[in-house]
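Please look over the sequence and the model below.

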Amino acid sequence: MFVERSAAALKWGYGMPAAIVGIAALLLAVLLAYSTYQYGMFFDVNFYRWEWIIIAAALSSAAWWGLVHRGRTSRSPGSGGSYDLSGMSPLFSSGGGGLRAVPLAAYGPLLIAVMYGLSLANDPASILGTLEQALRWSAYGAFLIAAYMWFGEERSRVWLSAAIQAAGVFIVWGALACWMGWMAFPEMILTTGDARLSAVGARLAGFMQYPNAFAAVAAAYLIWSWGLLIRARTRICYLLAAIQGVPLALVLLLTESRAAWLAAGLGWLGGLAAARRTERVHWLLYSGWTLVAAGAAYRFVYGAGLRNGGHAAAGAAPEAVVAEGALLLACVLAGAGGYYLIRSLAPRSSGRWRVWAAWGGWIAGIGAMALLLPAVIQGRLGGYFDTLGARSMFYKDAIILIREAPLLGRGGDTWRMLFTQIQTYPYIGSEVHSGYLDIALDLGLVGLVLFGLVIGGLLRNVFLFDRMGLVPIGVLLLHAAVDFDMAYGCYWLLLFGWIALYSKPAEAGGGTAAGRWRRRAAVRGAAAASAAVIAVTAALCSWRFDAAVAHREAAVYASGAGQAAALRAALGANPYWTRIRIELAELAPPQEQAALLAAGLRYEPQSVPLLRALGRVYAERGDVPQATAHLRLALRYDRYDRDNQTDAVVHMARLAQHMRAIGKASEARQAAQTALSFFEAFEAQGIDAEAAGRDFEVTPESLEAANAAGLLLRQLGAGPGY
């Protein structure tokens, strides 16, 4: 590992004064921490601004390194002489960092961004969703390239390690502070009375506001901390890892995420296999002691989350908060003290008896943790696997969608836009709960293969340098197979940070034939130039989208004409944003509303919110055929939405009453019949869902509207009643 190197890395990093590299590491730590704080950058509206900032930072870094290396020369490989590289970009000189330190595989995420861009020509389900994914992958690629530029040389990676560790401290202790009632953050703690979702009644969700995704991050950090403990050679590296071990295991327990627990277990096995023979004793002892200390800490604090599941510890006595905090800190310090004793007393040897003793210690640690954990948590391990059945429905429906466009997919947000059209039974599933299925839905099998090649190319560089680095990365990639972790921006920033940390350092020019080295430089130059074009395009687009967000926020605090003007400005900056279009239509003159909404169908032709809004507008205008057509299409695209079903019945029933009031009996009869047909379909779907064990009953509002439509039909002629 990089931490085995001397502390001299703190003096100079990558041909650059340590102070400058340290500032770069500080900025990276802030980015990792803030991206998690902003709900994990799950929502694109939170990520737009950071996308163009990350890209601008990467471009500025490349320019900076170019200035630093301008005029430098490099030894001609194989000739013994020197030649001037001024004819080529100084960014690719063999000395120092810059783009010379960026492996070709690091440009892979930009290829994924390009593929999303190309899918715009393939009638995507959502142009906005496709652009958002292209922007995300452009930002991820820029981040990875910048990380290589600043920390690509082995001796500077201690700075990158420190940055990732510092972000981990913020992520973990921020979550624990909320659990303990020391601070408040919205939806940091998921409280529920459903034993299928939580054994204790409260689950720690972290700043990501989702226990499973947060658990995957905690599990990866935990496995990484054990790797740091067995290989750290400087006191500061060891101290940081020692302080974090128990809190990481504790938050992993508090999330109650069984998939993350399983991923952590597999990661533990991977770490044991990747560790050197002389390190396995310490791996077993460190991990076993962590479980003991974390089990004790869990027993002391697990009730705090249920009590603090609101927004603060208002219901807790101050002395209880202090006592729990003191016990937590005692467990953390005891854990760190135990690590120090293991480091001091356990021999670094692989004798058979020592290995068996270490295994015995680890098994004893497992047993001690089982005794320390309260009995209630055992229910999370032994039953309530209903969520597996729910996810199996997601996966079956995802396969159906993939078969409709198997090669190239349907662009970004395919699942979110289209799953309601094919869902077998009613469920809430705006995410498909598998990052790999999500890629296949968006980009088809071709995109999934490209994704595999990109990730595989990056992991190859890790494999060639330090296989222990594959372990935390593997935990993240493994858990993403059964959840939507990849939808979080912080997930990719952390994963790419670890990839940059553990990748094989760039080779210097020496030792390679001059002609071959020049060809490599030419390839790198072409890749960098292409990346710059992609990055600039993405930065401009994300900047405009960020401006749209700012205009919409201004509209929230405005009223009347000012609000409408702000929404028009937002729509001008981002014409693909359906939400703005619908909000603006509500303020627009009646004669403009339909055209404004219909224009949005060019960008999202199967958007249920747009179709519902159009149906409502046409109903208010008294246009029975158009109202019927748009509401029927909205129902076809989203059958299992009670609000959608209810709105359709209610609007058509009201339209029937209106048409009768103005003396248009034929149109009134047509609207009433449509309302009844919508209700009958609603009722039939409820019967089918009940037969499958699902709840989908008609709403009182829809029943009342159906009765009114039936009464109107009887008054106009023969008609059913309800």
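Where is the place of aspartate 397? Aspartate 397 lies in helix α13 (residues 386-404), helices being DSSP runs of H or I of at least four residues, numbered from the N terminus. This is a predicted model, in which local features need pLDDT of at least 70 and side-chain atom pairs count only at pLDDT 80 or more, while totals for chains, interfaces and linings use all residues. Residues are numbered from 1 along each chain as its sequence is written, and side-chain values use heavy atoms, with hydrogens and water left out.

Aspartate 397 is buried (under 20% relative accessible area, 1.4 Å probe, protein chains only), yet it has no salt bridge (a side-chain nitrogen of Lys or Arg within 4 Å of a carboxyl oxygen of Asp or Glu). The nearest side chain of opposite charge, arginine 639, is 7.5 Å away; Lys and Arg count as positive and Asp and Glu as negative, with His and the chain ends not counted. Leaving aside neighbours within four places in sequence, aspartate 397 is in contact (heavy atoms within 4.5 Å) with Trp415, Ile422, Gln423, Thr424 and Tyr427.

Two helix pairs follow, with axes fitted to C-alpha atoms over the stretch in contact and angles running from 0 to 180 degrees between N-to-C directions.

| Helix pair | Angle | Axes apart |
|---|---|---|
| α1 (residues 18-37) and α17 (residues 489-502) | about 155° | 8 Å |
| α7 (residues 235-255) and α10 (residues 318-345) | about 130° | 9 Å |

The angle of the pair α1 and α17 makes α1 roughly antiparallel to α17 (over 145 degrees), and their contact is made by Leu31, Leu32, Ser35 and Thr36 of α1 and Cys490, Leu493 and Leu494 of α17.

Definitions and conventions:
Helix = DSSP H or I, 4+ residues; strand = E, 2+ residues; numbered from the N terminus. Buried < 20%, exposed > 50% of the residue type's maximum accessible area, 1.4 Å probe, protein only. Parallel < 35°, antiparallel > 145°, perpendicular 65-115°, else oblique.
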